[in-house]
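Hello,

Here is the structure for your files. My notes follow below it.

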Amino acid sequence: MSPIFQDANRQQIANRRRKDVIIHLLFIVATSIGVLALCALIIDILMDGLSRLQPDLFTNFPSRKAAGSGMKSAIVGSIYMLIIMLPVSFILGVGAAIYLEEYAGKNRFTRLIQLNISTLAGVPSIVYGILGLTLFVRLLALERSLLAGAFTMTLLVLPIIIVSAQEAIRAVPKSRRDASFALGATKWQTVSRSVIPSSISGILTGVILAMSRAIGETAPLVMIGAMTYINFLPTSLKDSFTVMPIQIYNWISKPQLEFKELAASGIIVLLALLLIMNFSAILLRNKYQKKY
Amino acid sequence: MATATQVQAQPLISIEKLNLFYGSFHALKDVSLTIPEKAITAFIGPSGCGKSTLLRTLNRMNDMIPGTRIEGSIAIGGTELYSNEVDVETLRKKVGMVFQQPNPFPKSIYDNIAYGPRLHGTRSKQQLDEIVETSLKSAVLWDEVKDHLKRSAFSLSGGQQQRLCIARALAVNPDILLMDEATSALDPISTLKIEELAQELKDRYTIVMVTHNMHQAARVSNQTVFFLNGEVVEFSDTEKLFSNPTDQRTEDYISGRFG
């Protein structure tokens, strides 16, 4: 052996390498547990629910009898809620994010607001349900309507949208704002023509992920009383409604096996919708990233 | 090469007893100087000497830094920049700026150039096409990009991006062009191209450049201003400042004894 390498401490190196391998395995185990649990869940649901995944599920209203029972009103209710929630929460959430990042002074008050928003993002959803019940259902007398539900959900997802949009906006380099201002742009021109186009993929990704969170939420809507048996489609904003997770919850709490299967098939539909939404978030992000 | 002839041009920018504070930090101290029209004026000096700060008062980019306070007079063509007569959008249209790092927008080459004119209300496609072409020609970039104007500005090399940024600044038809260490992020060949471009542009524009590189100041500028600790130590024709400086500190700096 060449004298250069003689002082190598073989024992110590062997120990270090062993530690390396052990840690590596530990991380693999950690990842596998998550993946396996998800796989088990999906397989279990597919086994229970696939047989019920038939046109009836989409075209029929729920009924007391499992045979022929569907979740048409729940699917439509979820979609209606999404349609109301999306523009409202987009405008409010992205607007607040732009204000906080671009307009608000960097002072103690702003930091206080910031802290509050981050905290709100972690508040249990049932609390939003109580707020919605007080504010929209009672105070604004919207009753147990589609509108009250959508507004409550908007409150729930707003902090998530604000925080993620802020992060996207903050990631736009200052030099890009400078370039715009140096050409004589006003604040709004800079925000609308430079900052937003540069951050839109991040903003949209956050919005879609927030929407998929809302689609899967049950608690706040239970609170405001969407927990009813609905066998019609809402025709106005003031109509009562139900959504997919509530329908699933309804079915699962019934004793008969057939309803358990129905619940499983409902979960498949909900999961598919979530998957589509998350996938479209990825597509959107890639599309804007590739463009330039 | 800087010409040996005296700078004959009219002073376009005049600065008198200008003081600038960032909070409690006194960044510019009693700065007085004039900058001639259609010539290149270089600001040199060590880091933190205030040269970039002064440059950024010329298009009021310092306004955006909270806690900035300005005293004294800074005027272009006799009009005070910090008076009510001047709106900052028009000022920045008249006084273009190129930054240290090339900072194109994540848009096409065409849309980068058209960004400025669109801000100021040019909508017609034909007019924009014309502006894009003449601006890119002025920045000697047209021949390299004319066949792919729709391509992303990020597909260009660093040197090309910086010339694109110059073209973008020229597209709003400025009188003055500020270059804030515009070549410090570029390789020597790209730097040379920008310097040649500056030489060409000075017939039509008044150029003020900040540079860390004394040789660059000596190569391209007509007039040089030497800053130290927020003060103007010396300003004169470039020839004279580099061959026969009057202040000992200038001599120490240009001979490499500090900085």
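Buried area here is the accessible area (1.4 Å probe) that two parts lose on being put together, summed over both. By that definition, domain 1 and domain 2 of chain A bury about 710 Å² between them, with 70% of it on carbon and sulfur atoms.

Some ground rules. This is a predicted model, where local features need pLDDT of at least 70, side-chain atom pairs count only at pLDDT 80 or more, and totals for chains, interfaces and linings use all residues. Residues are numbered from 1 along each chain as its sequence is written, chains are lettered from A and ligands numbered from 1 in the order in which they are written, and side-chain values use heavy atoms, with hydrogens and water left out.

Domains of chain A. The bounds come from an automatic or database domain assignment. Domain 1 covers 3-52 and domain 2 covers 55-291. Their C-alpha centres lie 35 Å apart. Seven residues of domain 1 and 10 residues of domain 2 make the contact (heavy atoms within 4.5 Å). Ile45(A), Asp48(A) and Arg52(A) supply 76% of the area that domain 1 buries against domain 2, more than any other three residues.

Salt bridges. The rule asks for a side-chain nitrogen of Lys or Arg within 4 Å of a carboxyl oxygen of Asp or Glu. It finds one across the interface of the two domains of chain A. Arg52(A) and Glu261(A) form a salt bridge, at 3.3 Å from N to O. Over all chains the count comes to 15. Among them is Arg177(A) with Glu102(A), closest N and O atoms 2.7 Å apart. That pair links distant parts of the chain: Arg177(A) sits in helix H7 (residues 174-182) and Glu102(A) in helix H3 (residues 72-103), 75 residues apart. Helices are DSSP runs (H or I, at least four residues), numbered from the N terminus.

Chain A against chain B. The contact takes 19 residues from chain A and 27 residues from chain B. The buried area is about 1,800 Å², and carbon and sulfur atoms give 62% of it. Salt bridges between the two chains: zero.

Best wishes

Notes
Helices (H or I, at least four residues) and strands (E, at least two) are DSSP runs, numbered from the N terminus.
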